[in-house]
Amino acid sequence: AGRAGQVKLALAAMQGRLAECDGVRVVRGKRVKISGGAASVPVQLDGEVGGFAPVEAEIEERAVRVIA
């Protein structure tokens, strides 16, 4: 994958087609749990390795401020 894979994912995300990429699963919810089964699966957060499964993430209201 490497750099070419990252570029492919970035382009797909910009085009709103990330869910069509191999190995990507897009879900919505206030709370998401990612489990890796028997293997330790790396989890990416905003393109960076954020840890390894299992991971549980929750949306915190009013946690992000957007300035336009």
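**Fold, surface and contacts**

Reply: Read along the sequence, the chain of this predicted model follows the pattern α-β-β-β-β.

Me: How many helices and strands does the protein chain have?
Reply: The pattern along the sequence is α-β-β-β-β. Its secondary structure therefore comes to one helix and four strands, where a helix needs at least four residues and a strand at least two.

Me: What percentage of the residues in the protein chain is buried?
Reply: Buried means under 20% relative accessible area. The protein chain has 68 residues, and the buried share of them is 7%.

Me: Which residues form a nonpolar patch on the surface?
Reply: One member, leucine 11, lies in helix α1, which spans residues 2–14. Its relative accessible area is 43%, so leucine 11 counts as partly exposed. Together the patch residues have about 310 Å² of accessible area, and they are Val7, Leu11 and Met14.

Me: Which element gives the most residues to the lining of the largest pocket?
Reply: The largest pocket has a volume of about 1500 Å³. It is lined by 36 residues, and the closest to its centre are Val24, Arg25, Val43, Gln44 and Leu45. The elements that give two or more residues to this lining are α1, β1 (31–34), β2 (42–45) and β4 (55–58). The element that gives the most, with eight residues, is α1.

Me: Is glutamate 20 buried or exposed?
Reply: The side chain of glutamate 20 meets that of arginine 17 in a salt bridge, at 3.1 Å from N to O. Arginine 17 has a relative accessible area of 43%, so it counts as partly exposed. For glutamate 20 the relative accessible area is 56%, and because the cut-off is over 50%, glutamate 20 is exposed.

Me: How many residues apart are arginine 31 and glutamate 58?
Reply: These two form a salt bridge. The pair links distant parts of the chain, with arginine 31 in strand β1 and glutamate 58 in strand β4, and their separation is 27 residues.

Me: What is the relative accessible area of glutamate 56?
Reply: Arginine 31 counts as exposed, at 52% relative accessibility, and glutamate 58 is exposed at 54%. Glutamate 56 is partly exposed, because its relative accessible area is 48%.

Me: How far apart in space are alanine 57 and valine 32?
Reply: Alanine 57 is found in strand β4 and is partly exposed, with a relative accessible area of 42%. Leaving out residues up to four places away in sequence, alanine 57 touches Lys30, Arg31 and Val32. Alanine 57 and valine 32 are 25 residues apart in sequence, yet their C-alpha to C-alpha distance is 5.3 Å.

Me: What is the omega of the peptide bond from alanine 53 to proline 54?
Reply: Proline 54 lies in the loop between β3 (48–52) and β4. Most peptide bonds are trans. The bond from alanine 53 to proline 54 is cis, with omega near 5 degrees.

Key
Residues are numbered from 1 along each chain as its sequence is written. This is a predicted model: local features need pLDDT of at least 70, side-chain atom pairs count only at pLDDT 80 or more; totals for chains, interfaces and linings use all residues. Side-chain values use heavy atoms; hydrogens and water are left out. Patches are made of residues with over 30% relative accessible area and no salt bridge: like charges are joined within 9 Å, nonpolar side chains (Val, Leu, Ile, Met, Phe, Trp, Tyr) within 5 Å. Accessible areas come from the Shrake-Rupley method with a 1.4 Å probe; for residues, only the protein chains shown count as cover. A salt bridge is a side-chain nitrogen of Lys or Arg within 4 Å of a carboxyl oxygen of Asp or Glu. Buried means under 20% relative accessible area, exposed over 50%, partly exposed in between (1.4 Å probe, protein chains only). On a 1 Å grid over the protein atoms alone, a cavity is a set of points where a 1.4 Å probe fits but cannot get out, and a pocket is an open set with protein on both sides within 12 Å along at least five of seven lines; lining residues have an atom within 4 Å of a point. Grid points are joined across faces, edges and corners, and a volume is the space filled by probe spheres set on the points. Contact means heavy atoms within 4.5 Å.
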